[in-house]
Amino acid sequence: MDENTEKSTRLSRKRFLGRAGAATLTLGLAACGGATSNNGAESAADIDAKAFGPLPPEQPLLCTVDRFFTDDERLSVTAFVGRLIPGSAEDPGAVEACVPAYIDNKLAQFASFATPTYFRAPFAKPTTGRIPANQRSDDTLLVSKDQAYRYGFQSSQTPQDSYRAGLAQLDRYTRKRYGLAFSALTGAQQDAVITLLESNDPEAPQATRNQPQVKAIGKVFVKPSAFGFFSMLRNDTNEGMFADPMYGGNKDFAGWKLVGYPGAQRAWTPDEVRTAPRPRRVQGLQQLAPMNPGHPAHGAILPIAGSERS
Amino acid sequence: MAKTHPKVDVVTIGAGWTATILASRLCAAGHDMVSIEQGPAASTWPQFSHDHDSLRFSGRYALMVDLARESWTWRPDGRAAALPMRQYGSFNPGEGVGGAAVHWSAQLWRYLETDFRYRSHVVERYGESKLPPGATVQDWPVSYDELEPYYDAFEWDVGASGKAGNIQGKIQPGGNPFEAPRSREYRHPALEVTPHGARFAQACERLGLHPFTQPAGIASRAFTDPYGNFHSSCLYCGFCTRFGCEVDAKASPVNVHLPPALATGKYEIRTGCKVLRIEVGSDGRATGITYVDASGDEHFQPAELVVASAFTLENSRMLLLSRSKTHPNGIGNDRGQVGRNYTYQIYPQTVIGVWEGENLNMYMGNTCTIKIVYDFNGDVFDHSDLDFIGGMQLFSEPCEREPFNSVTPLQTKDGSTWGAGWKEELRKNWDSYAGINTEGESIAYEQNLVDLDPNYRDRWGQPLLRITFDWTENEQNMWRFMYARSLEIMRAMSPTRIVSTTPELGGYRIDKYQSTHPTGGCIMGRDPGDSVTNAYGQVWDTPNVFVTGAALFPQNPGANPTGTVAALAYRTSEAIRDRYFDDPGELLT
């Protein structure tokens, strides 16, 4: 998504003619003049499979957390995700499924955002005061605090910054309240802290949000907000636990086996759709051969050249 | 200094479905045409040959417009702050050759006869006072009967699957009895339906409703389309919406209309290029379009005819950005009509149930392997004693469930979505929960509109489009009625327990995905005083500019737009091919 690497491509008519000529043989369309002998493989080589965003890693990522997080951050994140989806050696949870490594790799790979994000100013500033009409600003726009959730993600922090700042806030909060780092708390204490973070949900009932402890943690978590931090951790945990193992989490399909998902299959028969799946091996992208490798489907050559974006 | 290219007959903004439909007809008739496409090239192979990657396509929106470059701002009303959709929520416009029609769900509909004469119908049946305050609903300038041959041609070309409910006025068992008459049966039988859909259908039948399988632009049998493209039958793989189809079973511009267009040698697509504006000469007619390539160089492509064939929202924006001496407020906007009648689609789930111990196969199939009832859509039911106009489809939750984004709807009994208890819930019930979904009408109101944002700009410094939109009392009332109907169906489906309910629609919010069906903004009509274009999408005040797509809809019925978008494009391309060039610049009648 870096604009410097985006290229435009002009598809010349001559190039089209050549490819269309090749397609004509298969498709039985009216022949057009100037057909050359371009073949399918050559057409395909022009097309960049990465044009629509990065491909998954070629090999599954390792279960190590050493690219983005510091040692202290690693301990906190590991403890946190281990409470969201607890596990053991026999019944893997987020830690056993390498979710911390998934998050670490994601943050290291994307200096800004892994998902398309409009990240230009002005940024929103929630307020309980009046919203002036026709606001014009280059840096800040006021938005009603109780309506802000309807606008979705409006942070001016990148995920790297949100993790770094959020984990520091978490540490500050637990040291003040318990005198300990988050990772040193008991499981029950960790759950209590996570529950407070979650209870800051702007859509939660007012009685929930008005509890003194919920308000207190909300004062420590300024940026990211308490609920914003919780949501980020939970979303990344679910991604790591349940996305393809190529991305570093879901080790040995732990997440998919937990929910009974057989993984990426090429096809289901009509009978299976109507009734039940026949037994299948759980598999992911690494076990799933590309459809028609090296061959355009059915000889129908689609004469389009590529452009790319990182 | 912009580089000027040789003049062509037609230039289009974007290379999505309507552009490729135009190209397949106009280029075959000898016209040369260029499409300027902001995204990359796309084809079945290799882009979609290895695409069962939930994270890349669903989680990271690989086929969608890159928001780092541009987005859309929204505010609920004229007093609130308008903020950009910074990450994907409400809708997912696509980019690249084929546009959003590459990743569409292929739910293929015709609108109801009454949808096309909306205002007249409501006034005739219920009186003027039935219209909600501020409603600006209008009749379409084209009737169902006029559009039927084009619906038929498109559905046949893409090899649609379904069961007709009304063939030439005769109601057919198993189909949608409320649909408008169609001239013939679908080309292919309906798709398979998963156990959740089957249970939904049984419950609906017990309640006296009329369930049928979702008509789909997905082939249930392999076939060769009229252009010579071969399509495999659907593999029910479970990776459909937000994905390209690796076997061309799901119809798209790339596998239906693009190959014949390119085979003419008269069609050219320039990818990675962003249109900045339509240029206008001193006589007020369009002269071509200015665009910028990715290295930042400006180009001018002169053309006899300019077609705004981008996504709905971008078409409105392009007209508004094309300000000139003769059209100071933008093309089509001499009478202040651009941006009016912006509408959307009601889409949330009403209720989720769980059937413990049962597998529902929700991860198989696609969005169309479902059952639907139309008993409460449009005006097929009497609204005399109801406090709203409009209707919705109710349907069994779409399939192709992917684990990473489908775990949190399954709450524990105490509402938790993390921790040991939730993990047990996932283990037991991830494939045993499912909901009832809605797809509802969005009526046009004077306060809902799009215009240019004063604060936010795109990568090239041009203003983003600002959406001012919220649901009103009419939709809130409609929702409560549909919620009650959904609960009746859900109870008749005998779940072990109800997981969650949504009794109130609430206000519109842009953070949650609903549907990629923003509509209106450049609406078609019979009168330049209340529309932007005529019945062909030809802009009243700049007749050598056409608009295609759902921006033309005066208001949005309770069904997906693509079938009607394509039918209108078939009709317009025929008119341009057969009549426009005889007398360029004159309004088609």
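The structure is a predicted model, in which local features need pLDDT of at least 70 and side-chain atom pairs count only at pLDDT 80 or more, whereas totals for chains, interfaces and linings use all residues. Residues are numbered from 1 along each chain as its sequence is written, and chains are lettered from A and ligands numbered from 1 in the order in which they are written.

Chain A contains 11 helices and 3 strands; helices (H or I, at least four residues) and strands (E, at least two) are DSSP runs, numbered from the N terminus. Along the sequence, the elements of chain A follow the pattern β-α-α-α-α-β-β-α-α-α-α-α-α-α. Of the 310 residues in chain A, 41% are buried. A residue is termed buried if 20 or more other C-beta atoms lie within 10 Å of its own, exposed if 12 or fewer, and partly exposed in between, with C-beta atoms placed from the backbone. Two residues are in contact if their C-beta atoms, placed in this way, lie within 7 Å. Among contacts in chain A between residues at least 6 apart in sequence, 59% link residues at least 24 apart.

Two packed helices are described by the angle between their axes and the distance between the axes. In chain A, the axes of helix H6 (residues 187-199) and helix H9 (residues 226-242) come within 7 Å and cross at roughly 115 degrees. Such axes are lines fitted to C-alpha atoms, for helices over the stretch in contact, and angles run from 0 to 180 degrees between N-to-C directions. H6(A) and H9(A) are therefore roughly perpendicular to each other; angles under 35 degrees count as roughly parallel, over 145 as roughly antiparallel, 65 to 115 as roughly perpendicular and the rest as oblique. The contact involves Ile194(A), Leu197(A) and Glu198(A) from H6(A), together with Ala226(A), Phe227(A), Phe229(A) and Phe230(A) from H9(A). Leu197(A) also touches Ile217(A), when residues up to four places away in sequence are not counted.

A cis peptide bond, with omega about 5 degrees, joins Lys223(A) and Pro224(A), and Pro224(A) lies in the loop between helix H8 (212-220) and H9 of chain A. Another cis peptide bond joins Ala121(A) and Pro122(A), where omega is about 5 degrees. Pro122(A) is placed in the loop between helix H4 (99-109) and strand E2 (123-127) of chain A.

In chain B, 10 of the 10 residues of helix H1 (residues 17-26) are buried, so this helix is largely enclosed by the rest of the structure. The buried residues of H1(B) pack against several elements of chain B, including strand E2 (8-13), strand E14 (298-308) and helix H11 (562-578).

Ala106(B) counts as buried because it has 29 C-beta neighbours inside 10 Å, and Arg242(B) counts as buried with 25. Ala106(B) occurs between strand E5 (83-84) and helix H3 (113-116).

Gly419(B) occupies the loop between strand E17 (392-396) and helix H9 (420-429) of chain B. This residue counts as partly exposed because 18 C-beta neighbours lie inside 10 Å. Across the two chains, Gly419(B) touches Arg83(A), Pro86(A) and Asp191(A).
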